[in-house]
Amino acid sequence: MALDRTSAARAGLALVSDVGLDSLTVRRLAGELGVRAPALYWHFTDKRALLDEMTQLLLAPVVAGLQPTPGPADQVWEWLEHALVAVHEALGAQRDGARIAISAGIMSTPALGTLLERVVGALHVAGFGLADATRLAGLALQLVVGRTAEEQTRPEPDAELAIVNSDEFPYPLLAAGLRERHTAGASVADDFRYGVRVLIAGIRATAPTLNCAAATTPPPATPPPR
């Protein structure tokens with residue numbers, strides 16, 4: 001079968017799943033595919049170009065699965081939460097997924113550009129000018145990618161609790177708070193959704209055309225499962 005960008009990027013994702021992003025190189029991927037490195041450099045000028053195509057594969061299903069940007073303003077916030085959670089799940093399902101996507105460009109990664117375009121459209125429906133909508137869309141995606149990257153380097157719950165409970169852990173307030181979260185059984189998904197709801201509450205509070213007083217109420221510490 002002829003080598004193309006999509007099949008090479010798919011093989012790159014599989015290789016990262018096996019060995020991690022730090023061990024991925026264009027030459028190593030070429031070896032896995034049984035071709036010489038110049039065959040891949042024909043498609044990808046450098047590793048970043050390869051990562052952009054890998055990001056495209058991760059995000060394209062998210063974009064395809066999203067409903068069109070909502071029309072009524074009161075539907076924006078549910079749509080936005082759903083979109084951000086979907087990106088989080090897609091990146092989190094791939095080893096080092098957030099690090100793969102963290103520097104992707106919208107011109108080289110159409111799914112990322114389309115996603116941002118839809119978020120900007122949703123925020124514009126909510127009353128924001130386009131300049132502010134682009135700022136907020138970037139902020140929202142940065143939260144998702146940054147939070148997912150942190151999660152993917154975070155110890156497993158039992159290991160984290162052991163660290164927090166050790167005599168060497170020097171931050172008592174952090175320790176107490178993390179123990180409370182462990183005791184409550186909060187999952188990674190719960191923690192992420194809490195952060196997203198705080199972000200959306202802040203955005204709603206500054207929306208020009210909406211009365212968002214209720215949005216200032218903090219979300220529950222452990223959101224109910226959906």
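Colleague: What share of the contacts in the protein chain between residues at least 6 apart in sequence join residues at least 24 apart?

Modeller: In this predicted model, 71% of the contacts between residues at least 6 apart join residues at least 24 apart in sequence; a pair is counted as a contact because its heavy atoms lie within 4.5 Å.

Colleague: What makes up the secondary structure of the protein chain, helices or strands?

Modeller: The assignment comes to 11 helices and 0 strands, and from the N terminus on the elements accordingly run α-α-α-α-α-α-α-α-α-α-α.

Colleague: Why are the residues of the largest nonpolar core called a core, and which of them touch the most other members?

Modeller: They are called a nonpolar core because they are buried residues of the listed kinds, joined through side-chain atoms within 4.5 Å. The set holds 62 residues, of which Leu24, Met54, Trp77, Leu123 and Phe128 touch the most other members. Helix α5, residues 76–92, supplies the largest share of this core, with 11 residues.

Colleague: Which residues does Phe128 touch, not counting those up to four places away in sequence?

Modeller: With that exclusion, Phe128 touches Trp77, Leu123, Ala133, Leu136, Ile203, Thr206, Ala207 and Pro208.

Colleague: How many of the residues are buried, as a percentage of the protein chain?

Modeller: Of the 226 residues, 41% are buried, a label they receive because their relative accessible area is under 20%. The protein chain exposes about 12,300 Å², and carbon and sulfur atoms supply 57% of that area.

Colleague: How many side chains are positive and how many negative?

Modeller: There are 19 positive and 24 negative side chains in the protein chain, and the centres of the two sets lie 5 Å apart.

Conventions:
Residues numbered from 1 in each chain as written. Predicted model: local features only at pLDDT ≥ 70, side-chain atom pairs only at ≥ 80, totals over all residues. Heavy atoms only, no water. Buried < 20%, exposed > 50% of the residue type's maximum accessible area, 1.4 Å probe, protein only. Helix = DSSP H or I, 4+ residues; strand = E, 2+ residues; numbered from the N terminus. Areas by Shrake-Rupley, 256 points an atom, 1.4 Å probe, with all protein chains shown as cover. Lys, Arg positive; Asp, Glu negative; His and termini not counted. Charge placed at Lys NZ, Arg CZ, Asp CG, Glu CD.
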